[in-house]
Amino acid sequence: MRVLALIATATSFVSMAGAAPNGFRAEAINSTDFEVIPRSRNDISGYWCAAADFARRKLGAGWTQPIYVLRGFGPSVTTGRKTAVQFTLDPGAAGLVPSDQGWIRSGLKPGDSMSVQRAQGFCEPVPVRP
């Protein structure tokens, strides 16, 4: 019986993993926290796109739900890869001080936030005009 419970728990977190449309990968840490791991790209907009996609599809977040950076660039706790960024839907996580810095960002710092809808906007390709 204990083995079945362990398998059920393990598979629930495995099913919480997913690849975003931009090739980034997201993995659940717990029910509100997750991390985004790059594959080949490492652009800031890719992290926000993957965070929005995971929050919406896997965690059921609404369009106006804020996503917060829990921890900036660092090692992945779910995969062991060298680079990942941790996000949360919980504004009280680890004493975060939410800071919405607008559209211009120089990095991914704890407390940075934006709505799922706004972050989803980073998934759209930016048209190049001649």
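## Burial and the model

Buried means under 20% relative accessible area, exposed means over 50%, and partly exposed lies in between (1.4 Å probe, protein chains only). At 1% relative accessibility, Cys49 therefore counts as buried. This is a predicted model, in which local features need pLDDT of at least 70 and side-chain atom pairs count only at pLDDT 80 or more, while totals for chains, interfaces and linings use all residues. Residues are numbered from 1 along each chain as its sequence is written, and side-chain values use heavy atoms, with hydrogens and water left out.

## The nonpolar core

A nonpolar core is a set of buried Ala, Val, Leu, Ile, Met, Phe, Trp, Tyr and Cys residues joined through side-chain atoms within 4.5 Å. The largest one here has 22 residues. Phe34, Val36, Tyr47, Trp48, Ala55, Ile67 and Phe87 touch the most other members. Several elements each supply at least two residues of this core: strand 2 (25–28), strand 3 (33–37), helix 2 (44–57), strand 4 (66–74), strand 5 (84–88) and helix 3 (116–120). Helix 2 gives the most, with seven residues. These elements are DSSP runs numbered from the N terminus: helices are H or I, at least four residues, and strands are E, at least two.

Phe87 shows the packing in detail. Contact means heavy atoms within 4.5 Å. Leaving aside neighbours within four places in sequence, Phe87 is in contact with residues including Phe34, Val36, Tyr47, Trp48 and Ile67. Thr32 and Asp33 are also among its contacts.

## The disulfide

A disulfide is a pair of cysteine sulfur atoms within 2.5 Å. A search of the whole structure finds one. Cys49 and Cys123 form it, with their sulfur atoms 1.9 Å apart. The link is right-handed, with 110° about the S-S bond. Cys49 lies in helix 2 and Cys123 in the segment after helix 3, so the pair ties together parts that are 74 residues apart in sequence. Cys123 counts as partly exposed, at 21% relative accessibility.

## Salt bridges

Side chains of opposite charge can pair when their charged atoms come close. A salt bridge is a side-chain nitrogen of Lys or Arg within 4 Å of a carboxyl oxygen of Asp or Glu. The structure holds two.

One joins Arg25 and Glu27, at 2.6 Å from N to O. Arg25 is partly exposed, with a relative accessible area of 28%. Glu27 counts as buried, at 12%. Asp53 forms a salt bridge with Arg57, their closest N and O atoms being 2.9 Å apart. Both lie in helix 2, four residues apart, about one turn of the helix. Asp53 is buried at 9%, and Arg57 is partly exposed at 47%.

## Aromatic pairs

Rings of Phe, Tyr and Trp (its six-membered ring) pair if their centres lie within 6.5 Å; planes under 30 degrees apart count as stacked, over 60 as edge-to-face and the rest as tilted. By this rule the count comes to five aromatic pairs. The rings of Phe34 and Phe54 have centres 4.8 Å apart and planes at 35°, so this pair is tilted. It links distant parts of the chain, with Phe34 in strand 3 and Phe54 in helix 2, 20 residues apart. Phe34 and Phe54 are buried.

Tyr47 and Phe73 form an edge-to-face pair, 5.4 Å centre to centre with 80° between the planes. Tyr47 lies in helix 2 and Phe73 in strand 4, so the pair ties together parts that are 26 residues apart in sequence. Tyr47 is buried at 0% relative accessible area, whereas Phe73 is partly exposed at 45%. Phe34, Trp48, Phe54 and Phe87 form one aromatic cluster.
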